[in-house]
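Student: I would like to learn how to read backbone and side-chain features from a model. Can we go through them one at a time?
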Amino acid sequence: MKKARFNPAILILAIFASTAGSMAQAQATRTWVSGVGDDVNPCSRTAPCKTFAGAISKTATNGEISVLDPGGYGAVTITKSITIDGSKGAGFGSILAASTNGININITDVADTRKTVILRNLSINGGGNGLKGINILAAAKVIIADSQIFGFNGSPGVGIHDTRAGGKLIVYGTEISHNLGSALLMQPTALVTAALDRVQLSANNNSGIFAGNNTRVTISDSVVAGNISHGLFADGTGIINSDNVRISNNGGTGVITTGGGTIRLSNAVVTNNGVGFSNGGTINTFTPSSNKIMGNTGANVGALTPIAQQ
């Protein structure tokens, strides 16, 4: 009878196959979280994880994390292209971020060519002392849809803070409210363009939008109301293009520019603010003007500059 001979090559192949299988399992294209899940699970639909942080390590680049049922899924740091969908209807993804940031986005991997993050149907709650709802450090594109960001009252208490060295931000169908600082604070080090549509920026202690240097913001069909300081604020090389936006009941100034900032108004309603507008840079209104600036408490500062459409 022949003895079985040990073949190292077969052992190596077996180990490789086993490792490859476990890696494939760890990096699924779609993963799931549930309020009754466990982060030791593979994050499949039948064995979901408990938190977004637990699921993200098991989700492939350009993959998606979906919510099975309503629950609190914890703060998360995103370092690769991914979609997180709170799955409104099947569930609602909540993040309670007391004393911390709700979501950090920091994609620096050169192999990740898209560098794109999509956040949908999320409730991001600072719990009264959270720091920043969404903190954007590095990414080519960030899309935020149909979400709520509120209750960030620790310092600096910002809804969305963008400090990237370039990129795009798209926000629609989203409410950012009741934060210590601004709803949207744009302070990039290189050009970031932002498009906001159907958003409500309300009851924040600072501004609805602060657009600093290297910023180009367009906001349309939206409400900027009840903020303690200002509604729309452009500073330095920051530009805000506003179309069909109601800017009302802000304690300070509805529309303000400083240091050369530019705001262009079209179909705006600026009413019941402490001051309607204060022009320390450039505030343009198209001719003939369709804006309604009325019923503000204090006297406007400076003048609007009429411009013709191209």
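Tutor: Start with a loop. Aspartate 146 sits in the loop between strand E11 (141–145) and E12. Keep in mind that this is a predicted model.

Student: What is the phi of aspartate 146?

Tutor: The general idea comes before the case. Most residues other than glycine have a negative phi, and most peptide bonds are trans. Aspartate 146 is not a glycine, yet its phi is positive, about 50 degrees. Its relative accessible area is 36%, so aspartate 146 is partly exposed.

Student: Where does asparagine 62 lie?

Tutor: Asparagine 62 belongs to strand E2 (residues 59–67). Its phi is positive too, near 75 degrees, and asparagine 62 is not glycine. With a relative accessible area of 41%, asparagine 62 is partly exposed.

Student: Now peptide bonds. Which residues does a cis peptide bond join?

Tutor: Serine 155 and proline 156 are joined by one, with omega about 5 degrees. Threonine 287 and proline 288 are joined by another, with omega about -5 degrees. Proline 156 is in the loop between strand E12 (148–150) and strand E13 (158–162). Proline 288 is in the loop between strand E27 (282–286) and strand E28 (292–294).

Student: On to sheets. What order do the strands of the open sheet have?

Tutor: Strands of a sheet pair through backbone hydrogen bonds, either parallel or antiparallel. Here the open sheet has nine strands with parallel pairing, in the order E4-E7-E10-E13-E16-E19-E21-E23-E26. Strand E4 (76–78) and strand E26 (275–279) are the edges, each pairing on one side only. On average, neighbouring strands of this sheet are turned by 10 degrees against each other, direction ignored.

Student: Over how many bridges do E13 and strand E16 pair?

Tutor: Three bridges, in the parallel sense; strand E16 covers residues 184–186. Aspartate 162 stands opposite methionine 186 in E16.

Student: Next, a single side chain. Is threonine 271 buried or exposed?

Tutor: Use the cut-off: buried means under 20% relative accessible area. Threonine 271 has 11% relative accessibility, so threonine 271 counts as buried. Threonine 271 lies in strand E25 (residues 269–271). A polar atom of its side chain is 2.9 Å from the backbone oxygen of methionine 294. Beyond four places in sequence, threonine 271 touches several residues, including Arg246, Ser248, Met294 and Asn296.

Student: Last topic: charges. How many salt bridges are there?

Tutor: Side chains of opposite charge can pair when their charged atoms come close. The count here is five salt bridges. One of them is between arginine 30 and glutamate 64, at 3.3 Å from N to O. Arginine 30 lies in strand E1 (residues 28–33) and glutamate 64 in strand E2, so the pair ties together parts 34 residues apart in sequence.

Student: Which arginine also forms a salt bridge with glutamate 64?

Tutor: Arginine 120 does, with the closest N and O atoms 3.7 Å apart. This pair links glutamate 64 in strand E2 to arginine 120 in strand E8 (residues 116–120), 56 residues apart. Arginine 120 also meets aspartate 85 in a salt bridge, at 3.1 Å from N to O. Aspartate 85 is in strand E5 (residues 82–85), 35 residues apart from arginine 120.

Student: Which of these residues are buried, and which partly exposed?

Tutor: Glutamate 64 is buried at 17%. Aspartate 85 is buried at 11%. Arginine 30 is partly exposed at 40%. Arginine 120 is partly exposed at 25%. Together, Arg30, Glu64, Asp85 and Arg120 are linked in a network of salt bridges.

Key: Residues numbered from 1 in each chain as written. Predicted model: local features only at pLDDT ≥ 70, side-chain atom pairs only at ≥ 80, totals over all residues. Heavy atoms only, no water. Helix = DSSP H or I, 4+ residues; strand = E, 2+ residues; numbered from the N terminus. Buried < 20%, exposed > 50% of the residue type's maximum accessible area, 1.4 Å probe, protein only. Polar contact = N/O pair within 3.5 Å; in protein donor to acceptor, adjacent residues only side chain to side chain. Contact = heavy atoms within 4.5 Å. Pairing = 2+ DSSP bridges. Axes fitted to C-alpha atoms, helices over the stretch in contact; angles between N-to-C directions. Salt bridge = Lys/Arg side-chain N within 4 Å of Asp/Glu carboxyl O.
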